[in-house]
There are 2 protein chains.
Amino acid sequence: MERLSIVKIGGKIINDSELLDQFLNSFQKIEGAKVLVHGGGRAATELSKKMGIEVKMIEGRRITDAETLDIAVMTYAGLINKTIVASLQAKACQAIGLSGADGNLIQSHKREVGAVDYGFVGDIDKVNDGLLVSLLGAEVVPVLCPITHNAQGQLLNTNADTIAAAVTQAMSEHYRVTLKYCFEYNGVLERLDDPNSIIKLVTEDAAKNYISTGIFSDGMIPKVENVFHALRNGADQVSICGINYVHEKSPGTTFTL
Amino acid sequence: MERLSIVKIGGKIINDSELLDQFLNSFQKIEGAKVLVHGGGRAATELSKKMGIEVKMIEGRRITDAETLDIAVMTYAGLINKTIVASLQAKACQAIGLSGADGNLIQSHKREVGAVDYGFVGDIDKVNDGLLVSLLGAEVVPVLCPITHNAQGQLLNTNADTIAAAVTQAMSEHYRVTLKYCFEYNGVLERLDDPNSIIKLVTEDAAKNYISTGIFSDGMIPKVENVFHALRNGADQVSICGINYVHEKSPGTTFTL
């Protein structure tokens with residue numbers, strides 16, 4: 001099977017036009033089939049503030065009411081997605097930006113109301129892998145924003161890490177998929193104060209050890225859970241790497257079961 | 001050659017969710033290959049107001065400064081485009097929303113500064129007809145928003161009527177193209193106060209006559225100029241019709257050279 005690189009970037013890179021440009025230079029150098037998944041970034045919060053809309057949080061989680069959804073669609077599917085696509089086109093990369101509604105790419109359902117009503121948040125039901133296969137076959141580079149739809153006309157806000165994982169799983173039937181979470185460090189650091197202490201390879205046993213000794217803590221713990229979930233669900237290789245190295249074969253920290 | 005229907009809708013339909021839904025019901029009934037081009041609508045102006053950004057006008061023309069461009073990208077390529085795509089998907093129409101940057105679909109250059117500096121407004125250089133041909137061949141329905149790019153990373157605001165005309169011209173090499181301008185009346189009226197006075201067929205000579213006798217006036221004059229420009233540049237048929245009749249063969253007012 002051919003190799004497919006799925007790369008996810010988050011808010012810190014999107015918020016900084018210089019970091020974003022550095023990342024896109026590295027991304028466009030990736031050989032073969034590739035998909036970019038981007039998160040939200042500060043634009044949504046800034047737009048909410050300018051419009052006098054309060055960001056609603058319950059237990060540290062953002063609630064997507066109707067107004068917040070409109071802002072998410074405007075910034076994620078609009079400004080961020082098209083800015084990235086135009087930049088990639090300027091680098092001679094044949095990018096096409098898509099939401100989950102486009103071509104019924106990612107169908108989801110509104111999260112059921114439990115203890116918390118998250119509002120217009122979508123949990124993924126299925127990925128239209130056929131559409132991605134045909135776009136990749138035409139040497140197009142899909143750029144996915146974190147907006148999905150329920151196939152009944154409702155757009156929904158969906159976590160970008162989850163989209164990257166779901167697309168990885170769906171595409172693993174057609175490609176050997178490498179999933180790369182790209183962030184501001186060049187890999188996972190053994191000592192946060194030492195940028196040279198990148199951990200090259202992490203097995204599942206080693207990960208458990210890093211968590212128990214506190215080397216992996218806070219936000220790193222759900223990220224590692226995502227990584228091993230992806231490896232158990234079709235990913236051939238998963239790594240966490242820096243913005244300048246996504247085009248390398250095994251950049252940053254590579255994970256293995 | 002196969003037939004292709006290119007339908008353009010403007011702000012008045014986009015602003016009214018009921019009219020939009022009626023239109024989309026008629027649009028999805030169009031048989032064969034079809035493309036939807038949408039304009040801006042009120043969302044951009046409303047967002048500008050909420051953000052405290054003044055709409056800049058010179059000689060009745062809107063000026064697109066950097067802030068206004070961001071708002072145009074957010075509302076046209078984001079909220080409006082994705083709302084339409086999600087609605088079409090709900091009607092089992094395999095729509096994909098695209099800006100001119102996506103797949104390098106519409107390349108433009110920033111309008112030269114003359115007596116007026118229009119700001120980030122793009123005049124079209126070329127349409128990637130190959131991409132549209134391959135999407136239509138895969139039975140996808142492209143939904144185009146009025147944002148283009150200069151292939152150097154700059155997004156640009158571009159008139160939707162002009163996009164519809166440029167796409168018509170480019171696609172006329174591959175299809176017999178019918179261009180339909182869809183609006184709130186069921187056709188061009190001979191007497192504005194009589195909705196039944198629809199003019200069925202207008203030749204170029206008849207149009208000149210209607211203009212000289214004042215039956216075509218104001219906004220109708222540039223529209224008629226667009227229509228005959230399209231007919232001289234590849235369109236097989238051009239009509240102006242109401243929201244409920246776009247799926248009919250010769251709806252509303254049909255123009256011929």
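This is a predicted model: local features need pLDDT of at least 70, side-chain atom pairs count only at pLDDT 80 or more; totals for chains, interfaces and linings use all residues.
Q: Where does one begin with chain A, and how many helices and strands does the chain have?
A: A count of elements gives a first outline. Chain A has 8 helices and 14 strands. Along the principal axes, the C-alpha trace of chain A spans about 45 × 45 × 35 Å.

Q: What radius of gyration does chain A have, and what would a compact globule have?
A: The radius of gyration can be set beside the value for a compact globule. With 257 residues, such a globule would have a radius near 18 Å; chain A has 18 Å, which agrees. Buried residues make up 49% of the 257 residues in this chain. Of the contacts in chain A with a separation of 6 or more, 72% are between residues 24 or more positions apart.

Q: Which residues have the most contacts inside the largest nonpolar core?
A: In soluble globular proteins, nonpolar side chains tend to be buried together. In this model the largest nonpolar core has 162 residues, and those with the most contacts inside it are V143(A), V167(A), C182(A), V167(B) and C182(B). The residues named come from both chain A and chain B. For one of them, C182(B), the contacts beyond four places in sequence are V7(B), K8(B), I9(B), I13(B), F23(B), C241(B), I243(B) and V246(B).

Q: How are the two copies related?
A: Chain B can be laid on chain A by a turn of 180 degrees and a shift of 0.0 Å along the axis, with an RMSD of 0.0 Å. The two copies are thus related as by a two-fold rotation axis. The residue of chain B that comes closest to this axis is G78(B), with its C-alpha at 1.9 Å.

Q: Which residues of helix α3 of chain A are buried, and where do they fall around its axis?
A: An α-helix has 3.6 residues a turn, so residues three or four places apart point the same way. In α3 of chain A, residues 42–50, the buried ones are A43(A), A44(A) and L47(A). Seen down the axis of α3(A), they fall within an arc of 100 degrees, so they line one face of the helix. These buried residues pack against α4 (66–90) of chain A. Just after α3(A), G52(A) takes a positive phi of about 70 degrees.

Q: What is in contact with A72(B), and is this residue buried or exposed?
A: The number of C-beta neighbours tells how buried a residue is. A72(B), found in helix α4 of chain B, counts as buried with 29 such neighbours inside 10 Å. Leaving aside neighbours within four places in sequence, A72(B) is in contact with G40(B), A44(B), T64(B), I147(B) and N157(B). The C-alpha atoms of A72(B) and L156(B) are separated by 9.1 Å, although these residues are 84 apart along the chain.

Q: Where in chain A do N104(A) and A151(A) lie, and what phi does each have?
A: N104(A), in the loop between β5 (95–98) and β6 of chain A, has a phi near 50 degrees, a positive value in a residue other than glycine. N104(A) is buried, with 21 other C-beta atoms within 10 Å. For A151(A), also a residue other than glycine, the positive phi is near 70 degrees. A151(A) lies in the loop between β9 (147–149) and β10 (155–157) of chain A, and is partly exposed, with 18 other C-beta atoms within 10 Å.

Key: Residues are numbered from 1 along each chain as its sequence is written. Chains are lettered from A and ligands numbered from 1 in the order in which they are written. Copies are superposed by least squares on the C-alpha atoms of residues with pLDDT of at least 70 in both. A residue is buried if 20 or more other C-beta atoms lie within 10 Å of its own, exposed if 12 or fewer, and partly exposed in between; C-beta atoms are placed from the backbone. Helices (H or I, at least four residues) and strands (E, at least two) are DSSP runs, numbered from the N terminus. The arc is that of the directions from the helix axis to the C-beta atoms. Two residues are in contact if their C-beta atoms, placed from the backbone, lie within 7 Å. The radius of gyration is taken over C-alpha atoms; the globule rule is 2.2 Å times the number of residues to the power 0.38. A nonpolar core is a set of buried Ala, Val, Leu, Ile, Met, Phe, Trp, Tyr and Cys residues joined through C-beta atoms within 7 Å.
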